[in-house]
Amino acid sequence: MNSETSSRGHRTTGVGPAVRAEADLSASAGSALAGALVMPSKRKLHWYGLLFVMLIGGAVFAIARAKGTDTPEVALPPILPVKTQTLESVDAYRINRTYTGEIVAQRSSDLGFEQPGTLVEIRVDEGDWVDAGTPLARLDIRSLQAQRQQIEAQRRQALARFQELQQGPRAEDIAAAQAAVQDLQAQVELARLQQQRRENLYAQGAISREELDERAFSADALANRLQQAQSQLEELQTGTRVEQITAQDAQVEQFDASLQGIDVSLSKSTLYAPFSGRVAKRLVDEGVVIGPGQTVLRLVEGSTLEARIGVPANVANRLTLNTPQSIQVNNRVYPATVTALLPELDSTSQTVTVVLTLENAAEPTIGATARLALEETQPEAGYWLPTNALIEGERGLWTAYVLDELDSATPAAATPADTHKVARRDVEVLYTEGDRTFVRGMLQPGETVITSGIHRIVPGQRVKATAP
């Protein structure tokens with residue numbers, strides 16, 4: 001019984017280590033699995049694959065040891081096929097940036113009258129197209145017409161006087177003046193003779209001194225009248241003075257200027273379109289008494305539209321006048337030309353306003369949002385990878401998987417040709433464009449990066465590259 005017990009004990013002793021090894025391995029895998037279950041969700045999938053491989057390998061090894069085999073054959077994990085891409089380093093990448101602005105009319109005006117008055121007619125409605133010079137609205141002009149008639153009458157009167165002065169005295173007036181002078185000369189001679197007789201009579205004592213003085217005074221008065229008549233005759237014979245003609249001419253010109261002012265006021269009583277465009281807004285109606293400068297209509301030029309877009313100063317410095325660009329408005333693309341870079345920097349957005357003129361045939365809605373896409377070159381060494389070749393890593397980095405050489409300890413018989421193991425590379429994402437991403441990091445030129453199935457693999461796993 002002792003020997004049987006010893007024999008059984010020996011057999012039990014031979015089997016026990018393998019069972020314990022299997023139990024220990026299962027316990028370790030269980031601990032690792034429990035640890036994986038509390039890890040962040042983004043890492044669970046990778047640990048599940050690794051633990052699955054460890055469990056299978058450990059179970060096979062334990063079973064082989066339990067059967068007493070000296071060299072157990074370990075079943076390696078299956079080789080997964082993956083798609084790959086060879087890395088090519090580049091020195092720069094191009095970024096497409098979009099800047100927004102607004103569609104505006106090249107010219108727009110708030111139209112109003114320069115003078116007050118009653119609005120009696122508006123000839124257009126909102127949305128109407130008008131050509132340059134088209135009458136749009138009119139004020140009451142009756143008071144201006146009455147003022148013009150009054151000034152015209154005053155001008156005719158002043159003009160007649162001017163023409164009279166310019167023609168000079170008539171021959172009839174000169175003849176009448178001459179006759180008046182001759183008549184006065186005769187009266188003066190008669191008065192002088194009578195004065196002499198009175199002096200003789202006074203000397204004889206026949207008349208008083210008072211009568212003599214009256215006759216002398218009458219003769220002097222007639223002499224003064226003769227002198228005045230002779231002066232008037234000389235003036236008529238000489239003609240009108242130049243100063244009188246000039247003064248009267250200036251008065252006529254003054255009335256002409258008043259008439260021109262009335263005509264200007266009359267012309268400004270009608271509102272004309274300063275340029276061809278479309279009536280955007282009508283603010284008043286007929287019958288309203290408006291003041292000078294009050295807006296009646298808003299007119300925008302519709303033939304030529306502009307896009308005004310703010311861009312950073314360093315981007316504006318790379319733009320050239322008269323270069324073609326493309327503007328996107330409401331999912332439509334319009335060709336445009338850079339016509340101006342405004343010199344002032346916007347204090348709020350710190351951008352330079354770029355003015356782009358659209359073609360005449362383009363008719364986007366005024367006030368709509370315009371988008372300008374510009375391509376910029378960023379000097380930076382890195383690699384272009386498909387976006388699905390990256391998974392999120394730690395500390396803001398991302399992870400890419402590359403093909404690496406197998407370890408020398410891997411059995412060659414169990415490894416098909418062109419088999420590699422997975423290696424991990426941490427990278428930094430710099431720019432994403434569509435389905436590709438520009439990265440920099442631990443990658444090396446010429447390495448082969450895995451571009452598909454990265455969520456099924458873990459570092460160290462065997463894979464085989466397939467045709468892309």
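**Note on a predicted model: cores, strand pairing and side-chain contacts**

1. Glu-301 counts as buried because its relative accessibility is 8%, and the cut-off for that class is under 20%. The model in which this residue is described is a predicted one. Glu-301 is placed in the loop that runs between strand 10 (295-300) and strand 11 (305-311). Leaving out residues up to four places away in sequence, Glu-301 touches Ala-105, Gln-106, Arg-107, Phe-275, Ser-276 and Gly-277.

2. Five of the seven residues of strand 11 are buried, and the strand is mostly covered. Strand 2 runs antiparallel to strand 11, and five bridges join the two. Within this region, Ala-105 stands opposite Leu-305 of strand 11. Strand 11 also pairs with strand 14 in the antiparallel sense, over six bridges. Here Ala-307 stands opposite Leu-356 of strand 14.

3. Which residues have the most contacts inside the largest nonpolar core? They are Ala-307, Ile-309, Ile-327 and Leu-356, in a core of 24 residues. At least two residues of this core come from each of strand 2 (89-105), strand 11, helix 7 (313-316), strand 12 (324-329), strand 13 (332-345), strand 14 (352-358) and strand 15 (369-386).

4. Thr-86 belongs to strand 1 (residues 80-86). Is Thr-86 buried or partly exposed? Thr-86 counts as partly exposed because its relative accessibility is 48%. Thr-86 and Glu-447 are 361 residues apart along the chain, yet 5.8 Å separates their C-alpha atoms. With residues up to four places away in sequence not counted, Thr-86 touches Gly-446, Glu-447 and Thr-448.

5. The structure holds 25 salt bridges. In one of them, the side chains of Asp-125 and Arg-282 meet at 2.8 Å, N to O. This pair links distant parts of the chain, 157 residues apart: Asp-125 is in the loop between strand 4 (117-122) and strand 5 (129-130), and Arg-282 is in strand 8 (residues 277-282). Asp-125 counts as partly exposed, at 43% relative accessibility. Arg-282 is also classed as partly exposed, at 21%, where the limit for buried is under 20%. A network of salt bridges links Asp-125, Arg-282, Asp-285 and Glu-286.

6. Two further salt bridges may be noted. Arg-198 forms one with Glu-211, and their closest N and O atoms are 3.7 Å apart. Arg-198 lies in helix 4 (residues 171-204) and Glu-211 in helix 5 (residues 209-238), 13 residues apart. Glu-211 is partly exposed, with a relative accessible area of 34%. The side chains of Arg-440 and Glu-380 also meet in a salt bridge, at 2.8 Å from N to O. That pair links strand 19 (residues 436-441), which holds Arg-440, to strand 15, which holds Glu-380, across 60 residues. Both partners are partly exposed: the relative accessible area is 31% for Arg-440 and 26% for Glu-380.

7. How many aromatic pairs does a search of the whole structure find? The search finds four. The rings of Trp-384 and Tyr-431 have centres 6.4 Å apart and planes at 75°, so this pair is edge-to-face. The two residues are 47 residues apart, with Trp-384 in strand 15 and Tyr-431 in strand 18 (residues 419-433). Trp-384 and Tyr-431 are both buried. Trp-384 forms another edge-to-face pair with Phe-438, at 5.2 Å centre to centre and 70° between the planes. Because Trp-384 lies in strand 15 and Phe-438 in strand 19, this pair ties together parts that are 54 residues apart in sequence. Phe-438, like Trp-384, is buried. Ring pairs link Tyr-93, Trp-384, Tyr-431 and Phe-438 into a cluster.

8. Finally, charged groups are found over rings. Arg-436 lies over the face of Trp-384, 3.7 Å from the ring centre. Elsewhere, the charged end of Arg-209 sits over the ring of Tyr-202, 5.2 Å from the centre of that ring.

Note on methods. Residues numbered from 1 in each chain as written. Predicted model: local features only at pLDDT ≥ 70, side-chain atom pairs only at ≥ 80, totals over all residues. Heavy atoms only, no water. Helix = DSSP H or I, 4+ residues; strand = E, 2+ residues; numbered from the N terminus. Buried < 20%, exposed > 50% of the residue type's maximum accessible area, 1.4 Å probe, protein only. Contact = heavy atoms within 4.5 Å. Core = buried A, V, L, I, M, F, W, Y, C linked by side-chain atoms within 4.5 Å. Pairing = 2+ DSSP bridges. Salt bridge = Lys/Arg side-chain N within 4 Å of Asp/Glu carboxyl O. Phe/Tyr/Trp six-rings, centres within 6.5 Å; stacked < 30°, edge-to-face > 60°. Lys NZ or Arg CZ within 6 Å of the ring centre and 35° of its normal.
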